[in-house]
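Me: Hi! I'm new to this one, could you walk me through it?
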Amino acid sequence: MVKIGLQFKASLENVTNVRPLGDDFRWFLKLKCGNCGEIPDKWQYITLLESVPLKGGRGSASMVQKCKLCARENSIDILKDTITPYNAEDSERFKTMVQFECRGLEPVDFQPQAGFAAEGPDSGTQFPEINLLEKDWTDYDEKAGESVGIYEVTHNFIKC
């Protein structure tokens with residue numbers, strides 16, 4: 001069992017507390033089989049809401065799948081207590097946003113999509129429907145009278 005952290009990096013303009021919203025947030029990942037190295041072409045997502053029992057009564061995981069090449073059963077689980085917001089002071093630096101407990105699977109790519117939220121640092125204005133698929137997002141904070149944005153979204157993975 002290996003813990004892998006997803007590090008998030010972006011340039012923030014007049015927003016803070018960028019975070020996944022809700023237990024139904026979809027983490028879109030490409031996953032590599034640790035046994036044979038197979039990486040399927042399609043994106044797969046995992047959420048906190050989904051829990052699949054592991055063989056042999058060893059608990060559960062967010063996703064359990066059998067590799068199409070080697071038929072090995074692998075799993076990945078989101079560690080809920082590790083989900084951390086990306087704040088204004090983190091701007092333009094990598095910060096671990098979530099950790100995954102991996103058994104036989106390793107995330108190799110991440111695609112941010114809809115479901116992120118943020119807020120204005122001074123105004124407290126909530127932005128609950130942020131889609132980062134294009135790696136950039138802009139809006140306007142009426143209370144603060146200024147433009148807001150999340151730019152140049154990128155990521156990497158680290159072993160924890």
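**A first look around**

Me: Thanks! Which strands each supply at least two residues of the lining of the largest pocket?
Reply: Those are β3 (27-33) and β7 (63-66). Strands here are DSSP runs (E, at least two residues), numbered from the N terminus. Before we go on, this is a predicted model, where local features need pLDDT of at least 70, side-chain atom pairs count only at pLDDT 80 or more, and totals for chains, interfaces and linings use all residues. Residues are numbered from 1 along each chain as its sequence is written, and side-chain values use heavy atoms, with hydrogens and water left out.

Me: How much space lies in that largest pocket?
Reply: About 180 Å³. A pocket is an open set of points on a 1 Å grid over the protein atoms alone, where a 1.4 Å probe fits, with protein on both sides within 12 Å along at least five of seven lines; lining residues have an atom within 4 Å of a point. The volume is the space filled by probe spheres set on the points, which are joined across faces, edges and corners.

Me: And what classes of residue line the pocket?
Reply: Five are nonpolar, three polar and four charged. The lining includes L31, C33, E38 and K42.

Me: New topic: which residues touch the most other members of the largest nonpolar core?
Reply: W27, I76, F100 and I150 do, in a core of 31 residues. The largest share of this core, five residues, comes from β1. Such a core is a set of buried Ala, Val, Leu, Ile, Met, Phe, Trp, Tyr and Cys residues joined through side-chain atoms within 4.5 Å.

Me: What does F100 touch?
Reply: Leaving out residues up to four places away in sequence, its contacts include W27, I76, L29 and P107. Contact means heavy atoms within 4.5 Å.

Me: Where is K95, and which side chain does it make a polar contact with?
Reply: K95 is in strand β9 (residues 95-103). Its side chain pairs with that of D90 at 3.0 Å. A polar contact is a pair of N or O atoms within 3.5 Å; within protein, one must be able to donate a hydrogen and the other to accept it, and residues adjacent in sequence count only if both atoms are side-chain atoms.

Me: Last one: is N17 buried or exposed?
Reply: N17 counts as buried because its relative accessibility is 17%. Buried means under 20% relative accessible area, exposed over 50%, and partly exposed in between (1.4 Å probe, protein chains only). N17 also has a positive phi, near 55 degrees.

Technical notes: Helices (H or I, at least four residues) and strands (E, at least two) are DSSP runs, numbered from the N terminus. Ala, Val, Leu, Ile, Met, Phe, Trp, Tyr, Cys and Pro count as nonpolar, Asp, Glu, Lys and Arg as charged, and the others, Gly among them, as polar.
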